[in-house]
Amino acid sequence: MVVGAGPNGLAAAITLARAGRSVLVLEARPTVGGGTRSAALTLPGFVHDVCAAVMPLGRASPVFAEWPLAEHGLEWIEPPIALAHPLDDGSAALVHRSLEATAAGLGEDGDAYRRLLGPVARDWDTIVRELVGPLRVGAPLRHPVAVTRFGLQAVQPVTWLARRFRTPRARALLGGVAAHAFVPLQWPVTGAFAISLLGSAHAVGWPIPRGGAQHLADALASYLRSLGGEIQTDHEVTSLAALPPRRALLLDVTPRQVLRITGDRFGGLYRRQLRRFRYGPGVFKVDLALDAPIPWANPELAQAGTVHLGGALDELVRSERSVGRGRPSGRPFVMVAQPSAFDPTRAPQGRHVAWAYCHVPNGSRADLTNAVLAQLERFAPGIGSHVLGRSTMGPAAMERYNANYVGGDITGGLQDLRQLWTRPAIRPDPYSTPDPGIFICSASTPPGGGVHGLCGAHAAQSALRGVLA
């Protein structure tokens, strides 16, 4: 039995069903998807992604790649430019699928970019398979050179890695990608987010699902049903006592919900660790229905699926440091996606959708609408005159939408050096619990946040090695 039909819950269920086990998934909401749902948030006919929109880890995921999701309706669209990071002088760092094209666009920093990202892109499959699960203490590495080379750079703060670049464009590019970690950029391991996400852009691209994020969830659900798995929606689980008999229970929820559902089942050190689990910053999200494409000052940005707005590296550092200290930034770093530029199914003919969010302190009640729109106006003058409809969601609204988003944290918990690989508790098997029949399969387990299904797949394998063996 799996509680929660987000990407990890569905991945756990598929892994179990493929192993010949009977599976029932219980989902509290009317639809499957978790962080991969789509909805008409603004006006009829405008399809907005409620949380995830661009999915580099979706295509990079070894489990998603292994499954026949295309046969169940999933189609990836890869924008011509994966990522753009504009500066106030009108220039922009542009990340193409081609490493060489990206390096050429960075001018004098091109060689440094090749040296940093070339090995990551070349060794991408090896890195993903070695490092995207639990920390294997004492286990031999199958590819020690590639993994060690990656690790020595990944553990660094991105502010250190950025020193190898001379131009503001290259330094800002690295910092903006590292900001996906949701922690201050001067913290250790932020380098891992920068080089892994940039490496994925060259290895597999930063694609979007045609029709919206919901189509990934629907493809996973369809594949599960084809394997004989069952899904019940509108079925909220509040306690173990309300569940029918089962051999194993996998919970696609965070530690707070684990304790709520399991009641007094866990005690001692494990319970204390779950209670002390730290959640990260939240998000403030703005969705726009537009009567035209985003009017970027730099026209090259129109070809980018994702655009990072926040200026130079120093400004990014200040913004993320402010959030880390518990204060919303007056000039936040904003991530923008423009899926309708490449997928006409997202909006009526001639119309467009825009997706944008910034980081805020966990549980913040501040309204960042104007701050997000100001960053858009800064790099796309006149965008305000094209807005037909608008939807905003702060941390409280995000948590109402998905109980896993505690305080607006969409990554399943703080992703710092202390908690990245030991989430949710320090155990030889992080997916297991003191009850041999209960497992955790959410983003609160390794490898953490992102649309990849690996937390669920690893937890299912843990159950198959244990109580379901």
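**A chat about the sheet and a helix pair**

Modeller: In the hairpin of strand 6 and strand 7, with 5 residues between the strands, glycine 90 has a positive phi near 95°. This is a predicted model.

Colleague: How do strand 6 and strand 7 pair, parallel or antiparallel?

Modeller: Strand 6 and strand 7 (residues 92-95) are antiparallel, joined by 4 bridges. Histidine 85 sits opposite alanine 93 of strand 7.

Colleague: And what about strand 6 and strand 12, parallel or antiparallel?

Modeller: Strand 6 and strand 12 (residues 304-309) run parallel, with 3 bridges between them. Leucine 83 has threonine 306 in strand 12 as its bridge partner, and alanine 84 stands opposite valine 307.

Colleague: How many residues of strand 6 are buried?

Modeller: In strand 6 (residues 81-86), 6 of 6 residues are buried. For the protein, 62% of the 469 residues count as buried.

Colleague: Changing topic. At what angle do helix 1 and helix 17 cross?

Modeller: Roughly 40°, and the axes of helix 1 (residues 7-18) and helix 17 (residues 454-465) come within 7 Å. The crossing is right-handed.

Colleague: Which residues make that contact?

Modeller: Helix 1 contributes Asn8, Ala11, Ala12, Thr15 and Leu16. From helix 17 come Leu454, Cys455, Gly456, Ala457, Ala460, Gln461 and Leu464.

Colleague: How many of them are nonpolar, polar or charged?

Modeller: The contact of helix 1 with helix 17 has 8 nonpolar residues, 4 polar and no charged.

Colleague: Now the overall picture. How many helices and strands are there?

Modeller: The protein has 17 helices and 16 strands. Its C-alpha atoms fill a box of roughly 60 × 50 × 45 Å along the principal axes.

Colleague: Why does the radius of gyration agree with a compact globule?

Modeller: Because a compact globule of 469 residues would have a radius of gyration near 23 Å, and the protein has 21 Å.

Colleague: What share of the contacts join residues at least 24 apart?

Modeller: 75%, counted among contacts between residues at least 6 apart in sequence.

How values were computed: Residues are numbered from 1 along each chain as its sequence is written. This is a predicted model: local features need pLDDT of at least 70, side-chain atom pairs count only at pLDDT 80 or more; totals for chains, interfaces and linings use all residues. Side-chain values use heavy atoms; hydrogens and water are left out. Axes are lines fitted to C-alpha atoms, for helices over the stretch in contact, and angles run from 0 to 180 degrees between N-to-C directions. Helices (H or I, at least four residues) and strands (E, at least two) are DSSP runs, numbered from the N terminus. A crossing is left-handed if the near helix is turned anticlockwise from the far one by less than a right angle, and right-handed if clockwise. Contact means heavy atoms within 4.5 Å. Ala, Val, Leu, Ile, Met, Phe, Trp, Tyr, Cys and Pro count as nonpolar, Asp, Glu, Lys and Arg as charged, and the others, Gly among them, as polar. Buried means under 20% relative accessible area, exposed over 50%, partly exposed in between (1.4 Å probe, protein chains only). Two strands pair if DSSP finds at least two bridges between them. The radius of gyration is taken over C-alpha atoms; the globule rule is 2.2 Å times the number of residues to the power 0.38.
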